[in-house]
Amino acid sequence: MLKTTSLDKVDAGTMLPLMEEFYTIQGEGFHKGTAAYFIRVGGCDVGCHWCDVKESWNAETHPPTAIEHIVENAAKYSDTIVVTGGEPLTWNMLPLTQALKAKNLKTHIETSGAYTLSGLWDWICLSPKKNKLPEGKIYDEAHELKVIVYNKHDFIFAEEQAAVTNENCILYLQPEWSVREKVTPLIVDYVMQNPKWKVSLQTHKYLNIP
Ligand SMILES: C[S@@+](CC[C@H](N)C(=O)[O-])C[C@H]1O[C@@H](n2cnc3c(N)ncnc32)[C@H](O)[C@@H]1O
Ligand SMILES: Nc1nc2[nH]cc(C(=O)O)c2c(=O)[nH]1
Ligand code: SF4
Ligand SMILES: [Mg+2]
């Protein structure tokens with residue numbers, strides 16, 4: 001009985017499968033270098049073979065957690081909150097983001113955009129994936145587009161995605177970590193040839209912080 005209630009609340013977005021939460025420095029993209037509190041929500045079936053948080057995929061291994069509890073913790077640490085996963089848009093993000101905004105916290109999301117956009121966001125980082133493309137509307141709303149480069153074909157994918165994204169969106173190419181030594185020089189050359197793009201590195205990994 002108790003279990004069913006939690007599942008209903010997860011469906012409603014008033015509880016979320018919480019994998020971890022941590023205060024760190026945003027390592028990637030536009031807000032790189034900014035202190036932020038990260039909320040990592042479990043659950044993702046996009047299946048990127050190089051995903052650096054595969055432990056997040058199975059939502060059932062992460063305890064349904066009341067959003068009041070998540071928000072109360074977050075507010076103690078930072079005024080910038082990054083919601084990531086897993087794929088946060090697996091779930092209804094409206095209750096969580098409303099509660100964060102009620103505390104005057106800035107809401108940022110890291111998402112593949114594979115599911116319908118929900119929630120109230122001050123910053124949307126869209127990182128599209130070939131195997132499950134974003135749902136239309138998020139292309140109009142995204143503030144940054146961050147394409148992961150694993151091999152040279154990803155430059156073509158990046159251009160295709162930029163072409164359908166709003167014109168104010170800031171464009172980033174980020175090396176896939178395991179092949180960074182090979183692809184970072186390719187990204188450097190590409191950005192110099194195509195300066196509408198910028199380089200994004202996973203700087204937290206170089207700094208050895210979460
Ligand atoms: C782990 S994902 C979680 C959020 C969401 N599922 C997504 O993919 O945007 C957070 C960010 O890390 C990026 N990422 C994941 N694995 C990576 C890797 N091995 N190298 C570089 N970036 C990676 C994703 O593209 C995304 O921008
Ligand atoms: N420091 C730090 N910055 C990040 N930016 C995006 C991350 C993510 O996993 O979503 C991430 C992360 O895991 N750690
Ligand atoms: S969409 Fe994000 S969390 Fe899901 S597999 Fe890809 S990188 Fe990992
Ligand atoms: Mg990460």
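**A helix and its surroundings**

Mentor: In this predicted model, the buried residues of helix α5 have a cover that includes the strands β7 and β8, the latter spanning residues 170-175. The helix itself runs over residues 153-163, and its buried positions are D154, A158 and Q161. Viewed down the axis of α5, these buried residues fall within an arc of 65°, and they therefore line one face of the helix. The face turned away from that buried side carries the exposed residues H153, I156 and A163.

Ligand 1 is surrounded by 18 residues, of which D52, E87, S112, S127 and W177 are the closest. By class, the shell around ligand 1 is made up of six nonpolar, seven polar and five charged residues.

Ligand 2 has a shell of its own, formed by T24, I25, Q26, G27, E28, T84, E110, H204 and P210. Here the classes divide into two nonpolar, five polar and two charged residues.

Beyond the ligands there is the nonpolar interior to consider. In soluble globular proteins, nonpolar side chains tend to be buried together. The largest nonpolar core of this model counts 43 residues, and the members with the most contacts inside it are L16, I70, A74, I81 and V83. Strand β2, covering residues 35-41, supplies the largest share of this core, namely five residues. Leaving aside residues up to four places away in sequence, A74 touches Y37, I39, I81, L100 and L105.

An unreviewed UniProt entry places the feature "binding site" at C44, C48 and C51. Of these, C48 sits in the loop between β2 and β3, the latter strand being residues 64-66, and C51 is found in the loop between β2 and β3 as well.

Notes. Residues are numbered from 1 along each chain as its sequence is written. Chains are lettered from A and ligands numbered from 1 in the order in which they are written. This is a predicted model: local features need pLDDT of at least 70, side-chain atom pairs count only at pLDDT 80 or more; totals for chains, interfaces and linings use all residues. A residue is near a molecule or strand if its C-beta atom, placed from the backbone, lies within 6 Å of it. Ala, Val, Leu, Ile, Met, Phe, Trp, Tyr, Cys and Pro count as nonpolar, Asp, Glu, Lys and Arg as charged, and the others, Gly among them, as polar. A nonpolar core is a set of buried Ala, Val, Leu, Ile, Met, Phe, Trp, Tyr and Cys residues joined through C-beta atoms within 7 Å. A residue is buried if 20 or more other C-beta atoms lie within 10 Å of its own, exposed if 12 or fewer, and partly exposed in between; C-beta atoms are placed from the backbone. Helices (H or I, at least four residues) and strands (E, at least two) are DSSP runs, numbered from the N terminus. Two residues are in contact if their C-beta atoms, placed from the backbone, lie within 7 Å. The arc is that of the directions from the helix axis to the C-beta atoms. UniProt positions are given in the numbering used here, feature names are shortened, and annotations may be inferred rather than shown by experiment.
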